[in-house]
Amino acid sequence: MSAYEPNKLLNYNEDSIIGELKRVYINFFKDKQMTQREFNLHSRVSSYTVIRHFGTWDNALKKAEIPLSVKTRKARISLLEIKSDLERVKNINQGNYFSYLFYKQNGGKYDKKIKKRFGCVTWEQLLKKELGVSKAKRIIVLKQQRQFLSQDELFSEIKKVWNKFDRRPTYNEFRENSQIGISVFETRFGKWTIAIEQFCLSNKNYNSNPTGMSFKVTKELLIQDLQKIKETYNPEALKFKDYKKYGGNYTKMTFLKYFSSWKSALQSVNIKPGGEWNKSPEKELLFDELQRVWEHLGRQPLYKEWNELSKYSREVYDRKFGGWNKAIHAFIADREKPEEEIVINNSKTENEIPIDNVVEIVNPENSNIVETIIMKTPRSVPPKLRFRVFMRDHFTCQYCKRTKEEDGVKLQADHIIAYSNGGETVFENLITACWDCNIGKSNMTL
Ligand SMILES: [Zn+2]
């Protein structure tokens, strides 16, 4: 029986990557061609990582002794053919610059990668170099109008873009969404940030929440923001999550840029860090929580969804185990370890035998005869053991093959030989079963 395999490799060294290439090839592609895309559907490492280690995909396959693709490469398309296709679309657009989207909409045969064939980095470069056309500048029309635009008109443009995002737009967002070129604002106000500050001053409903890169964040601003929350809510302790709930303006990344930790940011305004920042929970608690969420989903939880589902944040796991993947691997290693068996030993006196370990069997011939059996293991399945059984059975009901993840069935670890017939609660005698199948089965046995 193969051990349970987590979704990600723990080590991305050459050996483990080659091992993974071989595993996927043998299990899914034997004698067939294995492309990167297909590999990615089954692999615990992305083909991108493989290429980073081996230079090219073919090189990696060679190292892993996997036959290279049998298909011959498509004949290379000549530059002339590509250029004539571009010319064709240029003519459709009356000799003007056109976007890649326009190119595709008008039957463009090639994809964006062709720019590389011409040694260009961007689509604009390609068109300029090969067709001699460039993007029209939006400002040109406005140039004459510039001086006639009133401050109100400029502000109403800011308002329009602001409302679109429902917050202060960043420099780039504004540049891309404003009908009036951002340079008009820069000329008029000196700087875009000044323009937006001025706008906020004269429009009290718009508060200049910093949201983007255009805004210069300083340590003082971060402290002010914390101070504001402290004055308004006076919390005893403050988790980052709650900081956002109280309307905190900045991201955690921003704080970590200016402070060594969230804790030290809070120290600057004399607030205690809340909950998780104070203490790191015991490994066993973290594992139990991981198991709870895993069973709830019926599969391995993803890093990105973790914070929504768990009472401990990802950062707690990252800190304790040195990374999310390491946490998952440590967890699986722990759950795969067979538990010390709780075995009732014979020397115990009757009073010491747990009630959970006693089974009474009615003699099928004569219902007056009741036999009492003392079982070695308790009837209820300990959570760790249950998880091992689920892992072995891939979180799939072994009777009807339905899963928690896809079919939403509730799973449990079921005794193969019923406990009441002397079947012990041990790994070998347990099987993953959904609620429906388990009830069906016990009805039959009884
Ligand atoms: Zn079932």
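Thr 425 sits in the loop that runs between β5 (411-415) and β6 (430-434); helices (H or I, at least four residues) and strands (E, at least two) are DSSP runs, numbered from the N terminus. The model is a predicted one, in which local features need pLDDT of at least 70 and side-chain atom pairs count only at pLDDT 80 or more, while totals for chains, interfaces and linings use all residues. Residues are numbered from 1 along each chain as its sequence is written, and side-chain values use heavy atoms, with hydrogens and water left out.

With a relative accessible area of 6%, Thr 425 is buried (buried means under 20% relative accessible area, exposed over 50%, and partly exposed in between, with a 1.4 Å probe and protein chains only). Setting aside neighbours within four places in sequence, Thr 425 is in contact with Thr 377, Pro 378, Arg 379, Ser 380, Val 381, Pro 382, Leu 385, His 415, Tyr 419 and Leu 430; contact means heavy atoms within 4.5 Å.

Across the protein chain, the secondary structure comes to 24 helices and six strands. Of its 446 residues, 39% count as buried. Where contacts join residues at least 6 apart in sequence, 56% of them link residues at least 24 apart.

Turning to the metal, the zinc ion has as its protein donors the SG atoms of Cys 397, Cys 400, Cys 434 and Cys 437, at 2.2 to 2.3 Å. Donors here are N, O and S atoms within 2.8 Å of the metal (3.2 Å for Na, K and Ca); water is not among the atoms, so sites may look incomplete. Along the chain, the zinc donors follow the spacing C-x2-C-x33-C-x2-C. Cys 400 lies in the loop between α22 (383-392) and α23 (404-407), and Cys 437 in helix α24 (residues 435-445), so this pair ties together parts that are 37 residues apart in sequence. Cys 400 is partly exposed at 28% relative accessibility, whereas Cys 437 is buried at 18%. The count of disulfides is zero, a disulfide being a pair of cysteine sulfur atoms within 2.5 Å.

The largest nonpolar core has 26 residues, and those with the most contacts inside it are Leu 290, Trp 294, Tyr 317, Phe 331, Ile 332, Phe 395 and Leu 411. Such a core is a set of buried Ala, Val, Leu, Ile, Met, Phe, Trp, Tyr and Cys residues joined through side-chain atoms within 4.5 Å. Two or more residues come from each of α18 (283-297), α20 (314-321), α21 (324-336) and α22, with α18 giving the largest share, six residues. Because domain 5 (283-336) and domain 6 (350-445) both contribute, this core lies between them; the domain bounds come from an automatic or database domain assignment. Beyond residues up to four places away in sequence, Phe 331 touches Phe 287, Leu 290, Gln 291, Trp 294 and Phe 387. A second, separate core of 18 residues includes Leu 154, Phe 185, Phe 189 and Cys 200, and Cys 200 is buried, at 8% relative accessible area.

Backbone angles complete the picture. Most residues other than glycine have a negative phi. Phe 395, however, has a positive phi near 50°; this residue is in the loop between α22 and α23 and is buried, at 3% relative accessible area. Asn 270 also has a positive phi, near 60°, and its place is the loop between α17 (262-267) and β2 (272-273). At 66% relative accessibility, Asn 270 is exposed.
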